[in-house]
Amino acid sequence: MQMDTIRPYQPRDFDACMALFDANVPVFFSAGERADFASFLSHHAAAWHYQLLERGNAVAGAAGYAIGADGTTASLCWGMVHPRLHRCGVGTQLLLARLEALRQMPDVRRVLLDTSQHTRLFYARFGFVVQQVTVDGYAPGLERWDMALDLSCCVPRAGSVGAVQ
């Protein structure tokens with residue numbers, strides 16, 4: 001059994017994160033988003049608490065969050081898992097780690113995210129509710145689904161969704 005580790009993004013992780021992004025194009029991200037992601041890593045990763053999940057010596061997934069100016073709303077960003085590891089618990093570990101961190105902040109009551117039609121059901125399993133759908137919102141054939149989670153509702157705590165492999 002391989003041990004998974006979640007740790008903060010470091011500038012030395014840039015190339016591994018770009019490779020992870022590229023592995024998810026064109027199904028989960030548009031190639032046109034690549035420059036935005038590179039800019040995010042270079043300028044905003046720390047402010048967005050961007051984290052990597054390492055499995056073995058490889059980056060298996062990455063995701064971040066930030067708290068809005070009002071202090072009551074958080075947003076999730078740039079969540080991705082290597083396609084070979086989809087449905088292997090990597091995304092679940094990253095999401096539950098972020099939700100647990102946000103639950104520790106008593107003023108945060110709502111979590112927002114935008115995702116595509118390909119991952120909307122993943123987030124719905126954790127209680128995220130669709131707010132809006134934009135056809136071709138990211139690129140032709142790649143819809144944008146805006147979703148929200150009320151943290152005051154019951155949300156699975158880390159460790160409550162089966163054993164992590």
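## Briefing on the predicted model

Thr73 is buried, with a relative accessible area of 18%, which falls under the 20% that marks a buried residue. The model is a predicted one, and Thr73 belongs to its strand β4. Not counting residues up to four places away in sequence, Thr73 touches Ala66, Ile67, Gly68, Arg110 and Leu112.

- Within helix α2, which spans residues 34-43, the residues Phe37, Ala38, Phe40 and Leu41 are buried. Because they cover an arc of only 160° around the axis, these residues lie on the same side of α2.
- The face of α2 that is turned away from its buried side carries Ala35, Asp36 and His43, which are exposed.
- The cover over the buried residues of α2 includes helix α1 (14-23) and strand β4 (73-81).
- Phe40, one of the buried residues of α2, is in contact with Ala45, Trp48, Tyr50, Cys77 and Trp78 once its neighbours within four places in sequence are left aside.

**Aromatic rings**

- The count of aromatic pairs in the model comes to 13. One of these is formed by Phe37 and Trp78, whose ring centres are 4.9 Å apart with 50° between the planes, a tilted arrangement.
- This pair links distant parts of the chain, since Phe37 is in helix α2 and Trp78 is in strand β4, 41 residues apart. Both Phe37 and Trp78 are buried.
- The rings of Tyr123 and Phe128 have centres 5.7 Å apart and planes at 80°, so this pair counts as edge-to-face. Tyr123 is buried, and Phe128 is buried as well.
- A single aromatic cluster is made up of Tyr9, Phe21, Phe29, Phe37, Phe40, Tyr50 and Trp78.
- A charged side chain also meets a ring, in that Arg120 lies over the face of Trp145, at 4.4 Å from the ring centre.

**The loop between α1 and α2**

- Ser30 is placed in the loop between α1 and α2, and with a relative accessible area of 14% this residue is buried.
- The side chain of Ser30 reaches the backbone nitrogen of Gly32 at 3.0 Å. Leaving aside neighbours within four places in sequence, the contacts of Ser30 are Phe21, Val25, Tyr138, Ala139 and Leu142.
- Pro26 is found in the loop between α1 and α2, but Pro26 is exposed, with a relative accessible area of 62%.
- Val25 and Pro26 are joined by a cis peptide bond, with omega at about 10°.
- From Pro26 to Val108 there are 82 residues in sequence and 33 Å in space, taken from C-alpha to C-alpha.

- For orientation, most residues other than glycine have a negative phi, and most peptide bonds are trans.
- Arg87 has a phi near 70°, a positive value in a residue other than glycine. Arg87 is found in the loop between β4 and α3 (90-103), and with a relative accessible area of 86% this residue is exposed.
- Asp136 has a phi near 55°, which is likewise a positive value in a residue other than glycine. Asp136 is placed in strand β6 (residues 129-139), and its relative accessible area of 42% makes this residue partly exposed.

Note on methods: Residues numbered from 1 in each chain as written. Heavy atoms only, no water. Buried < 20%, exposed > 50% of the residue type's maximum accessible area, 1.4 Å probe, protein only. Helix = DSSP H or I, 4+ residues; strand = E, 2+ residues; numbered from the N terminus. Arc of directions from axis to C-beta. Contact = heavy atoms within 4.5 Å. Polar contact = N/O pair within 3.5 Å; in protein donor to acceptor, adjacent residues only side chain to side chain. Phe/Tyr/Trp six-rings, centres within 6.5 Å; stacked < 30°, edge-to-face > 60°. Lys NZ or Arg CZ within 6 Å of the ring centre and 35° of its normal.
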